[in-house]
Amino acid sequence: MTPARLTATLVLAPVLACGSVPTDPGPRIVPPAGVIRGTVVYRGPHPCSVGGHIVGNAIVLVFDRRNPPPPNGLARTPVNFGDVTGDRLFADEPRYAGSDATYCPLDHGITDTVTRSGEFEIAPVAGGSYQLQAFFDYTGDFLPEFQFRNLPERGDIAGGDVDPTEALKPFNAGNPDYEPSFLPVDVGIPEPLSTLEAAAPNAIPNYTIPPGGFVADNVTVSLGSVLSYTRPYFYPRGETVTVDPASGTIAESISQSSDVRAAAPVPGALENAKDLDFMPLLTIPQDVAVLAPPAATLPTQAAVDNFESKFPRLRLEWGVPEKDGFGYPELATAVDESLPFRMQIESSSQPRAGGFVVWQGGTFDVASKLYAPQQIAEGGNVPFVWPLVVLSKLVDDYAPDASGKYHTLDPASLAVQGDPKAPLVVMQGITEIASGDSTKPDTLYGMTARSFGGALFDAKSGRPTIFQQDHLTVLVRPSVICFDKLFDPAESDKRGTLVTPYLTGDSADVPAVPNRPIVPSDLLTTGDSARRSVRSLVNDVVAGCLPIGRYAISVVYPDGQAWTVPNEAGACAGPEGATDYRHLTCTLKRRPVLYSQGTRAVVEVVRAQDSSNCRPNARVGPVPSPCVSHE
């Protein structure tokens, strides 16, 4: 494979005209800009080579510190990026001259570590405070244009502008709960913060580029962490949950699956009833009601199961199905290296390639110099579990256009809403650790009981137990976070507004306790570690109906590896033409389509069960203004 060269180049073309050249050009046509430059330092295995060239490049990604990528932020793309090609980074590395195959020293028992370095420069960069994340594309599969190949994968060497000694400390080395702290790279001159702005968590000022430009120099990007897990490939299913009135226990069943065309219109769905290939897996009314957590200090299993049963519920299956609902061989297509997807899914083992890697999250305790087990923000001793599951609202494209056609703005369901006129809107899930017994459902009660028994986290070593699962059970929280200031360059506080239909309600106890908090009243004020992560994203909590629309689903690990559906593997767009669902290909540029990754793989927030709930002065109220698009 010939490695693609990925560079960002600014070309200024001179304008030639007849007549005299003025000595004072007036206002400059191109405003002053910033530059980030420095050195990439690689420490890892010998690279692969083919045709006399090194496979892969060192990719340096620039993110705004006020909106980093998941799991600590919401950025889906960097503000800019640069690269150091493999040929430059490994200028003196022997390489295979043949073109018949790719030669990788690791595959031939050459396991020693090499250290190499190369200079990089990224421009233009607007004034701001940034963090640099990076990886060496060891496989050469990185393609920034496509979601299914736009992030690091197993075997790549990750890093960034960090303190590399932190990762080597005994409590961090090999600990999945360790998250590197990226050093700030400031471009420009900081503007003063107001008293209110300075009070925000991790307050970061705006930066101005001086008239002569600005260079952030001598930045060191270290690459040295070999990613040992694959990206969390999955296809989603919607679940229906019932509670046995006799025993109070949960029973679950699959109601919809993204690998099968809908047999009939989904009740309440936003789509045209004929669009069976766009029917959602799960619908959530915008006035969805859940129970408050049990009030008892030691709640019964029946109360916890009752609480859980009211949440919308997803089951994410690892990988892709062997065959989709049409009988098409998805797995073979997904792993075929001659096709564009090249997923790292091994068909010889169950779960394939290890499946989801799952563990209880931990927060670092400075006093003990150990990680302590973390609970979810709602409390109740329910473990917070990696990976994180996030749902992102797509642009509204379910209604017909002026000519009566559907899905003309976003035919592949790929475009996430979020720009100066339309807020970014996300929902967050609660991930459960599997029960370990295929005859029993995954439950909050069972997971929390295992946590109390020490099965999920070793408090003495400060390390979690790591599980490998062929699925994830996810409870979708009945709330959204709307980020209406994220794209305002003048706004230093980019945090959003948490919106939920009901702030209080009946508890899940039997009998119920009325007027209990659904959202903890101290969510944004307490210093608890589980709440700090919420305060970094949210600055206000209000009641209101949720914004209707289609929501994409992402699974994210703390090292940044992630997978999102829908993605380009499941539908066609742009120059490829339309998706031919009958033959699972594209109409203009023929290539396979993986149905499980396509337009059915969404959750929809649908119209209220009681439309009067969303009116002004109603019990719930209308969709709050931070969640509403504007012209």
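Student: Which residue stands opposite F356 in β25?

Tutor: This is a predicted model, in which local features need pLDDT of at least 70, side-chain atom pairs count only at pLDDT 80 or more, and totals for chains, interfaces and linings use all residues. Residues are numbered from 1 along each chain as its sequence is written, and side-chain values use heavy atoms, with hydrogens and water left out. Strands are DSSP runs of E with at least two residues, numbered from the N terminus, and strand β17 covers residues 356–360. In strand β25, the residue opposite F356 is Q469.

Student: Over how many bridges do β17 and β25 pair?

Tutor: Two strands are taken to pair if DSSP finds at least two bridges between them. The sense of pairing for β17 and β25 is antiparallel, and the number of bridges is 3.

Student: Which are the edge strands of the open sheet?

Tutor: The sheet holds 3 strands with antiparallel pairing, in the order β20-β17-β25. An edge strand here pairs on one side only. That description applies to β20 (385–386) and β25 (467–469).

Student: Why does Q360 count as buried?

Tutor: Q360 is found in strand β17. Buried means under 20% relative accessible area, calculated with a 1.4 Å probe on protein chains only. Q360 counts as buried because its relative accessibility is 3%.

Student: Which backbone oxygen lies 3.1 Å from a polar atom of the side chain of Q360?

Tutor: With contact meaning heavy atoms within 4.5 Å, Q360 touches residues including D177, P373, Q374, F384 and F457, not counting residues up to four places away in sequence. At 3.1 Å from a polar side-chain atom of Q360 lies the backbone oxygen of Q374.

Student: How many of the residues in strand β22 are buried?

Tutor: Strand β22 spans residues 424–432 and is mostly covered. Of its 9 residues, the number buried is 8.

Student: What is the bridge partner of V425 in β27?

Tutor: β22 pairs in the antiparallel sense with strand β26 (residues 471–476) over 4 bridges, and G429 stands opposite V476 in β26. Strand β21 (residues 388–393) also runs antiparallel to β22, joined by 3 bridges. A further antiparallel pairing over 3 bridges links β22 with strand β27 (residues 480–483). In β27, the partner of V425 is C482.

Student: What is the volume of the largest cavity?

Tutor: On a 1 Å grid over the protein atoms alone, a cavity is a set of points where a 1.4 Å probe fits but cannot get out, and lining residues have an atom within 4 Å of a point. By this rule there is 1 cavity of 30 Å³ or more, and its lining includes P70, L388, V390 and Q428. That lining divides into 6 nonpolar, 2 polar and no charged residues. The space in the largest cavity is about 50 Å³.

Note on methods
Buried means under 20% relative accessible area, exposed over 50%, partly exposed in between (1.4 Å probe, protein chains only). A polar contact is a pair of N or O atoms within 3.5 Å; within protein, one must be able to donate a hydrogen and the other to accept it, and residues adjacent in sequence count only if both atoms are side-chain atoms. On a 1 Å grid over the protein atoms alone, a cavity is a set of points where a 1.4 Å probe fits but cannot get out, and a pocket is an open set with protein on both sides within 12 Å along at least five of seven lines; lining residues have an atom within 4 Å of a point. Grid points are joined across faces, edges and corners, and a volume is the space filled by probe spheres set on the points. Ala, Val, Leu, Ile, Met, Phe, Trp, Tyr, Cys and Pro count as nonpolar, Asp, Glu, Lys and Arg as charged, and the others, Gly among them, as polar.
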